[in-house]
Amino acid sequence: MTPRIEDYALIGDLQTAALVGNDGSIDWLCLPRFDSGACFAAILGDKDNGHWRLAPKGASTCARRGYIGDSLVLESVWETRTGTVKVIDFMPQRDTTPDVMRIVEGVSGTVEMTATLRLRFDYGSVVPWVRRVDDQRVAIAGPDSVWLRSDPPVKTWGQQLSTVSSFTVGPGEKVAFALTWHPSNKPRPELVDPYEALETSLQDWFEWSARCETQGRYREPVVRSLITLKALTYHPTGGIVAAPTTSLPEELGGVRNWDYRFCWLRDATLTLGALLDGGYQEEAWAWRDWLLRAVAGDPADLQIMYGLAGERRLPETELPWLKGYAGSAPVRIGNAAVQQLQLDVYGEVLDALYLARQKGLPAEIHAWNLQLSLLGFLESKWREPDEGLWEVRGPRRHFVHSKVMAWVAADRAVRTLETHPELRGDSSRWRAMRDEVHREVCDKGYDPARNTFTQYYGSAELDAATLLIPRVGFLPPDDPRVIGTVDAVRDELGAGGGLVRRYSTAAANVDGLPGDEGAFLACSFWLADALLMTGRAKEAKELFEQLIALRNDVGLLAEEYDPVNGRQLGNYPQAFSHIALVTTALALSRAENAG
């Protein structure tokens, strides 16, 4: 039986991450980076595609689990007929090479444990050569090398192209496993003491979490979401991946399966705001600097997403040997949407850089010139159709959200020049552009008969992205058109339980894809924001609390939720969902404090 997506917890070292099931199996891990080939890919196929299970012999799932305090160190408790044992899983923040640590500790009675390690490099397709070196096992195939050791050494043998260990623990007894990757052409890495690494990891996470400035009733979900965002950060560059996974489906058995192990510009402003409001200026600074490096160059070449270090080529390929999560094929790596035209990203970038300046991040000398260059290009391009925020693979259209974000780009330039007159720029030029965009959107993107903004010009369909209209300042929250749009989106895109879809997939040829998808969690948080802004605080609070109740037992959210079957869908955990959670929680707290 395929585990549910929410059956997994996340561990990571700020350069990659692993998914650990409640059955004790690590079923997804890419080494050495988030976007590297997976050595454990069972979540997208079966156990023969790579996994590492550590559990009591004959047991199915743990009794309970959770992170140790405000950390990313996972503790799972197993209760058996003969005794109780706990397993601690974590990845210490690395110096050079990545390590996965698994520490078993007896609690009561005696428990027989079994570990099965099945390494399969290159997304589950390559079986390595495994040999014994002293008390360790080393697996090598091409560029990849993985070492496995235990402390103390336990009985270990090869069996059916896997490495199996068996041992028994009593009260207070401990056995630690360490799995270390390094390039196969390099010498064996220095050994890391698992117990010292555990203490250091906990201290690192506790110190980081203590910097969070959020207090009040929503501190727990906010801190857990910020920890998740930190875990999705590629520390060497400051880039934040949308998710650590690829091809977890938006519909079980469907084809809407995409690679999210890249950095999206659409997340820029919301990410920056969440980090700054949470008290994490250093991380916000790193994200801002990553953004500036990634978008540098010809404005016409601006992409919607980039690699971890700002790489531009992300070719999409299908992996036919993987059957997909719950049979949801194809499995894809890379993302062809990188080639799309999405005009909203220009507004996202300028909005993020405007926010950074307003929040006091030191301004880069070249940043304003870059913004003027981007805006100059957008001035000549905003009247064209594009693929829009949701990366539709159907025909280009005049998406309302894209036009609104073009307005945002011009508006932020005008505001910057008003508050910083020493900067060069023609504010009257950008004010004229802002006014022209505003008139056109209100004329062509608004349906007066239904009192709502639509998905694209001339469309009867709706788009949950229009919920952002009051947040970005395009219209005030008390404007009847805003209130009408909020009500229409809730009524027509509602999926039950307060959840909303991004748009209607039933509309003919809008996104060019067959099948359906779940309710989009970030959009559902946007609805709560919009309700709060339009004076419906009680409804906003109720919806927010319904949404945070959808988190799994360790506080994580995927991209989407299936309200019919009551399960999470899409890549996991999803930065966009957790960013939206933080934003809504902080807005509710501010409103509550204001009385």
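Biologist: Is alanine 9 buried or exposed?

Modeller: This is a predicted model, so keep in mind that we are reading a prediction. A residue counts as buried when its relative accessible area is under 20%. Alanine 9 has a relative accessible area of 0%, so alanine 9 is buried.

Biologist: Where is the place of alanine 9, and which residues is alanine 9 in contact with, leaving aside its neighbours within four places in sequence?

Modeller: Alanine 9 belongs to strand S1, residues 8–12. With those neighbours left aside, its contacts include Ala18, Val20, Tyr67, Leu556 and Tyr572.

Biologist: Let's turn to sheets. What is the order of the eight strands in the open sheet?

Modeller: Follow the pairing from strand to strand: S6-S7-S8-S9-S16-S13-S12-S11, with antiparallel pairing. The edge strands, S6 (64–67) and S11 (129–133), each pair on one side only. On average, neighbouring strands in this sheet are turned by 15° against each other, direction ignored.

Biologist: How many bridges join S11 to strand S12?

Modeller: Five bridges do, and the two strands run antiparallel. You can find arginine 131 opposite valine 138 in S12.

Biologist: Which residues of H11 are buried?

Modeller: Among them are Val482, Val486 and Val489. The buried residues of H11 pack against several elements, including helix H10 (469–472) and helix H12 (521–533). At the N-terminal end, aspartate 479 caps H11, with a side-chain oxygen 2.8 Å from the backbone nitrogen of arginine 481.

Key:
Residues are numbered from 1 along each chain as its sequence is written. This is a predicted model: local features need pLDDT of at least 70, side-chain atom pairs count only at pLDDT 80 or more; totals for chains, interfaces and linings use all residues. Side-chain values use heavy atoms; hydrogens and water are left out. Two strands pair if DSSP finds at least two bridges between them. Axes are lines fitted to C-alpha atoms, for helices over the stretch in contact, and angles run from 0 to 180 degrees between N-to-C directions. Buried means under 20% relative accessible area, exposed over 50%, partly exposed in between (1.4 Å probe, protein chains only). Contact means heavy atoms within 4.5 Å. A polar contact is a pair of N or O atoms within 3.5 Å; within protein, one must be able to donate a hydrogen and the other to accept it, and residues adjacent in sequence count only if both atoms are side-chain atoms.
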